[in-house]
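Subject: Structure handover

Hello,

Here is the structure for you to look through. My notes on it come after it.

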Amino acid sequence: MQYLRPLILFLFSSALSFAQNGNRIFETVIENEDHLVIKVSDGAYRIQFYTPEIVETSFIPKGEAFKEVSHAVVLNRKPVKPMAVVTNSGFHYTTDGISVTIQKQPFQISYAYKEKQIISEKRGYFKSAHKPMDLVSGNITAKTTEKIEFNLTPDEVLYGGGARALGMNRRGNKLPLYNRAHYGYETRSELMNYTMPIVLSSKQYMVHFDNAPIGYLDLDSQSDNTLTYETISGRKTYQVIAGDSWYDILDNYTDLTGKQPMPPRWALGNFSSRFGYHSQAETEATITKFKAEDIPVDAIILDLYWFGKEVQGTMGNLEFLKDSFPDPKQMIKNLQDKNVETILITEPFVLTTSNRWDEAVNKDVLAKDSVGNPFTFDFYFGNTGLIDIYNPKGKNWFKNIYKDLAKMGVTGFWGDLGEPEVHPDGLLHATGTANEMHNIYGHHWAELVYEANKEVNPDQRPFTLMRAGYSGSQRFGLIPWSGDVNRTWGGFQSQPEIALQMGMQGLAYMHSDLGGFAGANLDDELYVRWLQYGVFQPIYRPHAQEDVPSEPVFRSDKAKALAKEAIELRYKLLPYNYNLVYENNQLGKPLMRPLFFEEPDNPELFNDSKTYLWGHDILVSPVLYPGKKEQEVYFPDGTNWFDFYTDKRIEGGQTKTVALNENNIPTYVRAGAFIPMAKPMQSTKEYNADNLDLHYYFDKSIEEVETVFYNDDGTSADAFEKGAYEILEFEAEFERSCLEIELEAAIGNNFKTQIKDIHLIVHNINKQPRRIKIDGKKIDAHWNDQTKTLSIPVKWNPSEEIEIKIKLKK
């Protein structure tokens, strides 16, 4: 360690204002090459810096060994050498970012980022008697649990804990950490499929509790400014993650736990899905209907009828039922010929009545009871066992099923009931008890499916839809959805919050069953508003119980027409949306972003999910209530905004009441934004990245702007890393009545770029320009007096820079 010994009065003063652990006695600090050990009376702390923005702290009680295995962390530690300051009262270890202060008496550990305190331990680690409490699940029945306790400031707003419907600010709740489905939830759900051991603060830091077994996150439920993590067993490890912005924090967290691979481009298209298609004939007829109605579609999802005629009694068959699907390989080919991918549902349960039960028992792939027999239990679908993916036999058996299906041409898999939905206490996995493995079962199931896809099709991007996961599941390409939401306005109203929260926790593709899932509620207004919202959520997937159709082709003429309009807009935005996929892959940025990302110091926005950012440049305010004619929209400060449909200009930093119409939801574009849009198509396979409409939203307040858009073939794995890409760079400068737009590109070594036809549309041009030049040559262009837009045809070779100068009238 490097040492500094100046008189720095502020180092310890801030920590003294918080509660501390008076029973823990400091003994000594041992400075190892890559970590610190702080010995105390009841054990030792182990502190190591991953980067200047990430520090990990573990407590090892006396008599225990350090548990090194993490299910979440994959980042290799960089050689970070903190500077050390030693005083009579303690030790201070600082980097360019995070610093750790160890106060001797009373003992306390606290954390700061760039000299601003962010969080400190209160009692830190301790054991506590636990009153058994029903989670409607695998209960915490342990008489004693282990806790880690922290101080909070009174003004902090807290986020995290996974997918819940609680409001954006989750402070005041005690959240069970036990993945559990909530069928038919609406505006409030305290326990759902993804319970992540993550807390984020409006003070712009994150704490990740790096431990898998079940427990609780207590976000100051007693109103005593205390954050508590509680668990039945395992690691006493957490990481504190900070950054200069919300985007930096998420970049750092997804560096720590893994970046999401880019999904295939077709995943951004429209899905045909319901519970469910009963036959090969019905499946193909549905896609024929889409084609006849000219409604774009890219994939169809087969629910559990692909392996059985009945909902109950057949789970675990995991092979096409020939009576209903006589030639599945030909069906898959027929669908592919129509540019439609096939996705199959799968579950980790093998019923005792299924065709594979004897095979599963004989091959020893099931979780066990205490005497080594397959653990069987009853749940809704029948009497069952659970595949033990932690047993190499179980993992390989399950993986081979996926590999065989992938060889048939199946390009996506849906993992359902993976919490697992029922996971009895007495069940034993090869590596631990049900309660120890419960919250990571979906995580490692996603890993298994990811590996199976890569082994069969190493150059193809997998698509894996999963109902449960864990910290870091994004690195396996996991696409989460928000479970069995009620088909009501209340169910709809919770969806933006859930998606925004999960995006902040690394799972940026959280989305809902568009139109709602549970219940036979035929409400065309709800259906259309939900599908309009879906244009600006990561995955466009209407799905529901079959009593009321989820597919637009089977709805009323009016609902069908409005849904078609929304779906067509979704496809037009494909180049913009695909760049969001790239940003997530490279930087961990969520596709849906809370408004406080834009204004991190505005407390009025800390609990707002009614309006959000879709990427950097599109502002969206979904219509979440029936019969509304107008609603309030907040326009973020620091820029101006343009109505996407009317081009009306609105100054930022204000709330306005806007009129609503049935054809769309309030949508706005940031002043100075470039928005590339595709030509109409019926499938993403028809997308032509060489023929685009490029919209520029001119505003005199924007003197200079630069935007990049990523493009590749949409299918190849690791295209960016392999140099098989192009990045289109658009710049605009405005000075002295002259608007200059430049187009250039960075082209990967293994990408063959093509001449592009760009239809440049410049918005907010109030007078016909004096002249327009491309690379110094005067050209004719069309100025529309009604829309105040300027249309310029541009033929562009991306290997060369092109310059467009527009001289405006004053």
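Lys-368 counts as buried, at 19% relative accessibility, where buried means under 20% relative accessible area, exposed over 50% and partly exposed in between (1.4 Å probe, protein chains only). Asp-364 is partly exposed, with a relative accessible area of 24%. These two residues form a salt bridge, and their closest N and O atoms are 2.4 Å apart. A salt bridge here is a side-chain nitrogen of Lys or Arg within 4 Å of a carboxyl oxygen of Asp or Glu.

Please note that this is a predicted model: local features need pLDDT of at least 70, side-chain atom pairs count only at pLDDT 80 or more, and totals for chains, interfaces and linings use all residues. Residues are numbered from 1 along each chain as its sequence is written, and side-chain values use heavy atoms, with hydrogens and water left out.

Salt bridges

How many salt bridges does a search of the whole structure find? The search gives 51. In one of them, Arg-467 pairs with Glu-421, with the closest N and O atoms 2.7 Å apart. The two residues are 46 residues apart in the chain: Arg-467 is in the loop between strands S28 (464-466) and S29 (478-480), and Glu-421 is in the loop between strands S25 (412-415) and S26 (428-429). Helices (H or I, at least four residues) and strands (E, at least two) are DSSP runs, numbered from the N terminus. Arg-467 counts as buried, at 2% relative accessibility.

Glu-598 and Arg-670 form another salt bridge, with 2.6 Å between the closest N and O atoms. This pair also links distant parts of the chain, 72 residues apart, from the loop between S30 (592-594) and S31 (612-614) to strand S37 (residues 667-670). Glu-598 is partly exposed at 23%, while Arg-670 is buried at 9%.

Nonpolar cores

A nonpolar core is a set of buried Ala, Val, Leu, Ile, Met, Phe, Trp, Tyr and Cys residues joined through side-chain atoms within 4.5 Å. The largest one has 210 residues, and those with the most contacts inside it include Trp-306, Phe-536 and Trp-614. Helix H7 (residues 434-456) gives the most to this core, with nine residues. Another core, of 42 residues, lies apart from it; Phe-26 and Leu-152 are among its members.

H7 has 23 residues, 17 of them buried. From first C-alpha to last, H7 reaches 31 Å, close to the expected 33 Å, which is 1.5 Å times one less than its number of residues. H7 bends by about 55 degrees at Ile-440, the bend being the angle between axes fitted to the seven residues ending there and the seven starting there.

Aromatic pairs

Rings of Phe, Tyr and Trp (its six-membered ring) pair if their centres lie within 6.5 Å; planes under 30 degrees apart count as stacked, over 60 as edge-to-face and the rest as tilted. The count comes to 56 aromatic pairs. Phe-91 and Tyr-93 are stacked, because their ring centres are 6.4 Å apart and their planes are at 5 degrees. Both Phe-91 and Tyr-93 are buried. Phe-209 and Tyr-229 are also stacked, with centres 4.6 Å apart and planes at 5 degrees. Phe-209 lies in strand S15 (residues 205-209) and Tyr-229 in strand S17 (residues 226-231).

Regards
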